[in-house]
Amino acid sequence: MVSTFRRYFTRHMNALRVASWGVPATPNTGPIIVYSNHPAWWDAAVYILAADHFLPAHESYAPIDAAMLRQYGVFGRIGAFGVDLESPRGAADFLRTSAEILSSPNRALWVTAQGRFSDVRERPLGLKPGVARLPELAPDCTVIPLALEYGFWLERGAEAFLAFGKPIRGEDLLGLSRPARLERLEAELATTLDRLSADVQSRESARFRAMLEGRAGVGGIYDGWRRTIAALRGRTFDPSHEGRAS
(Lines give C-alpha, C1' and ligand atoms only; values in the text may rest on other atoms or scores of the structure.)
Protein backbone atom coordinates (compact mmCIF):
# COMPACT_ATOMS: atom_id res chain seq x y z
CA MET A 1 0.00 0.00 0.00
CA VAL A 2 2.86 2.42 0.76
CA SER A 3 4.25 1.74 -2.70
CA THR A 4 0.93 2.91 -4.16
CA PHE A 5 1.22 6.25 -2.38
CA ARG A 6 4.86 6.50 -3.41
CA ARG A 7 3.94 6.08 -7.08
CA TYR A 8 1.03 8.50 -6.76
CA PHE A 9 3.26 11.10 -5.12
CA THR A 10 6.04 10.88 -7.70
CA ARG A 11 3.50 11.08 -10.52
CA HIS A 12 2.02 14.36 -9.26
CA MET A 13 4.79 16.07 -7.27
CA ASN A 14 8.39 16.94 -8.12
CA ALA A 15 10.02 15.95 -4.83
CA LEU A 16 9.62 15.20 -1.14
CA ARG A 17 12.44 16.93 0.73
CA VAL A 18 13.44 16.76 4.41
CA ALA A 19 15.52 19.55 5.93
CA SER A 20 19.06 18.31 6.63
CA TRP A 21 18.72 19.45 10.27
CA GLY A 22 15.19 18.04 10.64
CA VAL A 23 15.76 14.28 10.53
CA PRO A 24 14.34 12.65 13.71
CA ALA A 25 16.25 10.44 16.10
CA THR A 26 14.08 7.45 17.01
CA PRO A 27 13.55 7.13 20.79
CA ASN A 28 14.66 3.90 22.45
CA THR A 29 11.50 3.34 24.47
CA GLY A 30 7.84 4.30 24.59
CA PRO A 31 5.29 5.24 21.92
CA ILE A 32 5.74 8.29 19.71
CA ILE A 33 3.38 11.21 19.10
CA VAL A 34 4.12 13.28 15.98
CA TYR A 35 2.08 16.47 15.73
CA SER A 36 2.13 18.88 12.81
CA ASN A 37 0.55 21.85 11.13
CA HIS A 38 -2.03 21.15 8.41
CA PRO A 39 -1.35 23.13 5.21
CA ALA A 40 -2.76 20.84 2.50
CA TRP A 41 -4.60 17.70 1.39
CA TRP A 42 -1.18 16.16 0.68
CA ASP A 43 -0.40 15.96 4.43
CA ALA A 44 -1.96 12.49 4.70
CA ALA A 45 0.25 11.13 1.92
CA VAL A 46 3.33 12.78 3.43
CA TYR A 47 2.49 11.18 6.79
CA ILE A 48 2.39 7.73 5.17
CA LEU A 49 5.67 8.22 3.32
CA ALA A 50 7.43 9.78 6.32
CA ALA A 51 6.23 7.05 8.68
CA ASP A 52 7.54 4.36 6.34
CA HIS A 53 10.86 6.17 5.89
CA PHE A 54 11.62 7.37 9.43
CA LEU A 55 9.66 5.01 11.72
CA PRO A 56 9.59 1.67 9.87
CA ALA A 57 9.70 -0.32 13.12
CA HIS A 58 6.57 1.39 14.46
CA GLU A 59 2.91 0.81 13.66
CA SER A 60 1.65 4.24 12.63
CA TYR A 61 -1.87 5.59 13.08
CA ALA A 62 -3.52 8.93 12.36
CA PRO A 63 -6.91 10.52 13.07
CA ILE A 64 -8.74 11.84 10.03
CA ASP A 65 -12.00 13.70 9.61
CA ALA A 66 -14.72 11.05 9.51
CA ALA A 67 -16.31 12.59 6.41
CA MET A 68 -13.00 12.54 4.58
CA LEU A 69 -12.36 8.94 5.60
CA ARG A 70 -15.69 7.96 4.05
CA GLN A 71 -14.59 9.66 0.85
CA TYR A 72 -11.04 8.25 0.87
CA GLY A 73 -11.54 4.82 2.40
CA VAL A 74 -8.05 3.71 1.36
CA PHE A 75 -6.60 5.63 4.32
CA GLY A 76 -8.49 3.36 6.71
CA ARG A 77 -6.50 0.39 5.46
CA ILE A 78 -3.21 1.97 6.51
CA GLY A 79 -3.89 3.15 10.04
CA ALA A 80 -6.26 6.12 9.73
CA PHE A 81 -9.28 6.28 12.04
CA GLY A 82 -12.28 8.57 11.67
CA VAL A 83 -13.00 11.41 14.09
CA ASP A 84 -16.05 13.68 14.21
CA LEU A 85 -14.40 17.08 14.49
CA GLU A 86 -17.62 18.93 15.24
CA SER A 87 -18.85 17.23 18.42
CA PRO A 88 -17.74 16.58 22.02
CA ARG A 89 -18.35 12.89 21.37
CA GLY A 90 -15.80 13.05 18.56
CA ALA A 91 -13.20 14.45 20.95
CA ALA A 92 -13.91 11.69 23.46
CA ASP A 93 -13.65 9.04 20.74
CA PHE A 94 -10.33 10.52 19.63
CA LEU A 95 -8.87 10.30 23.14
CA ARG A 96 -10.19 6.78 23.71
CA THR A 97 -8.75 5.47 20.43
CA SER A 98 -5.48 7.33 21.00
CA ALA A 99 -5.12 5.75 24.46
CA GLU A 100 -5.49 2.30 22.93
CA ILE A 101 -2.90 3.08 20.25
CA LEU A 102 -0.40 4.57 22.68
CA SER A 103 -0.64 1.60 25.04
CA SER A 104 2.03 -0.17 22.98
CA PRO A 105 5.63 1.12 22.83
CA ASN A 106 6.07 0.22 19.16
CA ARG A 107 3.29 2.50 17.91
CA ALA A 108 3.26 6.05 16.62
CA LEU A 109 0.36 8.50 16.48
CA TRP A 110 0.50 11.22 13.79
CA VAL A 111 -1.77 14.22 14.43
CA THR A 112 -2.56 17.31 12.36
CA ALA A 113 -2.85 19.34 15.53
CA GLN A 114 -4.57 22.37 14.02
CA GLY A 115 -7.57 20.22 13.07
CA ARG A 116 -8.18 22.30 9.93
CA PHE A 117 -6.35 23.43 6.81
CA SER A 118 -4.21 26.47 7.64
CA ASP A 119 -1.62 28.61 5.91
CA VAL A 120 1.96 27.96 7.07
CA ARG A 121 2.36 31.66 7.89
CA GLU A 122 -0.61 31.77 10.25
CA ARG A 123 0.29 32.76 13.83
CA PRO A 124 -0.74 31.76 16.38
CA LEU A 125 -1.07 28.22 15.07
CA GLY A 126 -4.23 27.55 17.06
CA LEU A 127 -3.52 23.94 18.01
CA LYS A 128 -6.48 21.94 19.26
CA PRO A 129 -6.44 21.43 23.07
CA GLY A 130 -6.69 17.67 22.63
CA VAL A 131 -3.05 17.41 21.55
CA ALA A 132 -1.98 18.64 25.00
CA ARG A 133 -3.89 15.78 26.64
CA LEU A 134 -2.17 13.02 24.69
CA PRO A 135 0.90 12.76 27.00
CA GLU A 136 -1.49 11.98 29.86
CA LEU A 137 -2.45 8.79 28.01
CA ALA A 138 1.16 7.59 27.77
CA PRO A 139 3.59 9.34 30.14
CA ASP A 140 6.50 7.36 28.65
CA CYS A 141 5.84 8.76 25.17
CA THR A 142 8.06 11.03 23.10
CA VAL A 143 6.37 14.00 21.41
CA ILE A 144 7.91 15.33 18.19
CA PRO A 145 6.84 18.45 16.26
CA LEU A 146 6.69 18.12 12.48
CA ALA A 147 6.68 21.13 10.14
CA LEU A 148 5.12 20.73 6.68
CA GLU A 149 5.24 23.14 3.75
CA TYR A 150 4.67 23.05 -0.02
CA GLY A 151 5.96 25.27 -2.79
CA PHE A 152 7.03 25.55 -6.39
CA TRP A 153 10.70 25.87 -7.27
CA LEU A 154 12.01 25.23 -10.79
CA GLU A 155 9.98 22.25 -11.98
CA ARG A 156 6.39 21.88 -13.16
CA GLY A 157 5.46 19.85 -10.09
CA ALA A 158 5.33 21.16 -6.55
CA GLU A 159 7.86 20.43 -3.82
CA ALA A 160 6.82 19.02 -0.44
CA PHE A 161 9.06 19.94 2.49
CA LEU A 162 9.19 18.57 6.01
CA ALA A 163 11.32 18.92 9.13
CA PHE A 164 11.07 17.32 12.55
CA GLY A 165 11.73 19.50 15.56
CA LYS A 166 13.25 18.81 18.95
CA PRO A 167 11.74 15.72 20.67
CA ILE A 168 10.00 16.32 24.01
CA ARG A 169 9.61 13.69 26.72
CA GLY A 170 6.02 13.11 27.75
CA GLU A 171 7.07 13.20 31.41
CA ASP A 172 8.44 16.72 30.97
CA LEU A 173 5.18 17.92 29.44
CA LEU A 174 3.16 16.41 32.29
CA GLY A 175 4.99 18.73 34.66
CA LEU A 176 3.08 21.61 33.04
CA SER A 177 -0.57 22.55 33.29
CA ARG A 178 -2.64 21.80 30.20
CA PRO A 179 -2.68 25.44 29.02
CA ALA A 180 1.10 25.73 29.55
CA ARG A 181 1.59 22.36 27.86
CA LEU A 182 -0.37 23.50 24.81
CA GLU A 183 1.63 26.73 24.72
CA ARG A 184 4.90 24.75 24.81
CA LEU A 185 3.79 22.45 22.00
CA GLU A 186 2.70 25.40 19.87
CA ALA A 187 5.96 27.26 20.45
CA GLU A 188 8.08 24.24 19.49
CA LEU A 189 6.11 23.67 16.29
CA ALA A 190 6.20 27.38 15.35
CA THR A 191 9.98 27.43 15.81
CA THR A 192 10.35 24.38 13.57
CA LEU A 193 8.03 25.91 10.95
CA ASP A 194 9.93 29.21 10.90
CA ARG A 195 13.26 27.46 10.40
CA LEU A 196 11.87 25.25 7.64
CA SER A 197 10.30 28.24 5.88
CA ALA A 198 13.65 30.04 5.84
CA ASP A 199 15.20 27.05 4.07
CA VAL A 200 12.30 26.81 1.60
CA GLN A 201 12.59 30.51 0.77
CA SER A 202 16.31 30.08 0.05
CA ARG A 203 15.51 27.67 -2.83
CA GLU A 204 18.80 25.93 -2.05
CA SER A 205 18.28 22.20 -2.57
CA ALA A 206 21.55 21.53 -0.70
CA ARG A 207 19.74 22.40 2.53
CA PHE A 208 17.52 19.34 2.04
CA ARG A 209 17.72 15.62 1.46
CA ALA A 210 15.47 14.34 -1.32
CA MET A 211 13.41 11.44 0.03
CA LEU A 212 11.54 11.03 -3.26
CA GLU A 213 11.83 12.61 -6.68
CA GLY A 214 9.20 12.60 -9.40
CA ARG A 215 9.58 12.77 -13.13
CA ALA A 216 11.34 15.99 -14.13
CA GLY A 217 10.54 18.22 -17.08
CA VAL A 218 7.41 19.47 -18.78
CA GLY A 219 6.76 16.53 -21.10
CA GLY A 220 4.98 16.49 -24.43
CA ILE A 221 6.17 18.39 -27.50
CA TYR A 222 8.37 20.80 -25.52
CA ASP A 223 10.52 18.08 -23.95
CA GLY A 224 10.51 16.13 -27.21
CA TRP A 225 12.04 19.15 -28.93
CA ARG A 226 14.62 19.57 -26.15
CA ARG A 227 15.54 15.88 -26.38
CA THR A 228 16.07 16.18 -30.14
CA ILE A 229 18.29 19.25 -29.75
CA ALA A 230 20.38 17.47 -27.08
CA ALA A 231 20.82 14.44 -29.35
CA LEU A 232 21.92 16.61 -32.30
CA ARG A 233 24.53 18.24 -30.07
CA GLY A 234 25.74 14.90 -28.73
CA ARG A 235 24.58 15.63 -25.19
CA THR A 236 22.67 13.53 -22.66
CA PHE A 237 19.17 14.90 -22.30
CA ASP A 238 18.28 16.03 -18.76
CA PRO A 239 14.61 17.15 -18.61
CA SER A 240 14.98 18.90 -15.26
CA HIS A 241 15.57 22.62 -14.86
CA GLU A 242 17.78 22.10 -11.83
CA GLY A 243 20.25 19.83 -13.55
CA ARG A 244 19.46 16.48 -11.92
CA ALA A 245 19.38 13.26 -13.90
CA SER A 246 15.95 12.09 -15.04
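1. A cavity is a set of grid points where a 1.4 Å probe fits but cannot get out. Keep that in mind for this predicted model. The structure holds 1 cavity of 30 Å³ or more. The largest cavity contains about 40 Å³ of space.

2. Which residues line the largest cavity? They are Pro24, Val34, Phe54, Leu55, Trp110, Ile144 and Phe164. By class, this lining has 7 nonpolar residues, with no polar and no charged ones.

3. Next, the largest pocket. About 1,000 Å³ of space lies in the largest pocket. Its lining counts 43 residues, and those closest to the pocket's centre are Ala62, Pro63, Ile64, Trp110 and Thr112.

4. Which helices and strands each give at least two residues to the lining of the largest pocket? The helices are helix 2 (43-54), helix 4 (88-101) and helix 5. The strands are strand 3 (59-65), strand 4 (80-83) and strand 5 (107-112). Sorted by class, the pocket lining has 27 nonpolar, 9 polar and 7 charged residues.

5. Now look at helix 7, residues 178-202. Helix 7 has 25 residues. From its first C-alpha to its last, helix 7 reaches 37 Å, close to the 36 Å expected at 1.5 Å a residue.

6. Helix 5 (residues 130-137) packs against helix 7. The angle is about 110°, and the axes are 8 Å apart. Angles of 65 to 115 degrees count as roughly perpendicular, so helix 5 and helix 7 are roughly perpendicular to each other. On the helix 5 side, the contact uses Val131, Ala132, Arg133, Pro135 and Glu136. On the helix 7 side, it uses Arg178, Arg181, Leu182 and Leu185. By class, the contact has 5 nonpolar, no polar and 4 charged residues.

7. An α-helix has 3.6 residues a turn, so residues three or four places apart point the same way. Look again at the helix 7 contact residues with this in mind: Arg178, Arg181, Leu182 and Leu185.

8. Two backbone details deserve a look. Most residues other than glycine have a negative phi, and most peptide bonds are trans. Where is the cis peptide bond? It joins Arg123 and Pro124, with omega about 0°. Pro124 sits in the loop between strand 5 and helix 5.

9. The other detail is Arg203, which follows helix 7. Arg203 is not a glycine, yet it has a positive phi of about 60°. Arg203 lies in the loop between helix 7 and strand 9 (208-213).

Technical notes: Residues numbered from 1 in each chain as written. Predicted model: local features only at pLDDT ≥ 70, side-chain atom pairs only at ≥ 80, totals over all residues. Heavy atoms only, no water. Helix = DSSP H or I, 4+ residues; strand = E, 2+ residues; numbered from the N terminus. Expected span 1.5 Å × (residues − 1). Axes fitted to C-alpha atoms, helices over the stretch in contact; angles between N-to-C directions. Parallel < 35°, antiparallel > 145°, perpendicular 65-115°, else oblique. Contact = heavy atoms within 4.5 Å. Nonpolar A, V, L, I, M, F, W, Y, C, P; charged D, E, K, R; others polar. 1 Å grid on protein atoms, 1.4 Å probe; cavity = no way out; pocket = protein on both sides within 12 Å on 5 of 7 lines; lining within 4 Å. Points joined across faces, edges and corners; volume = space filled by probe spheres on them.
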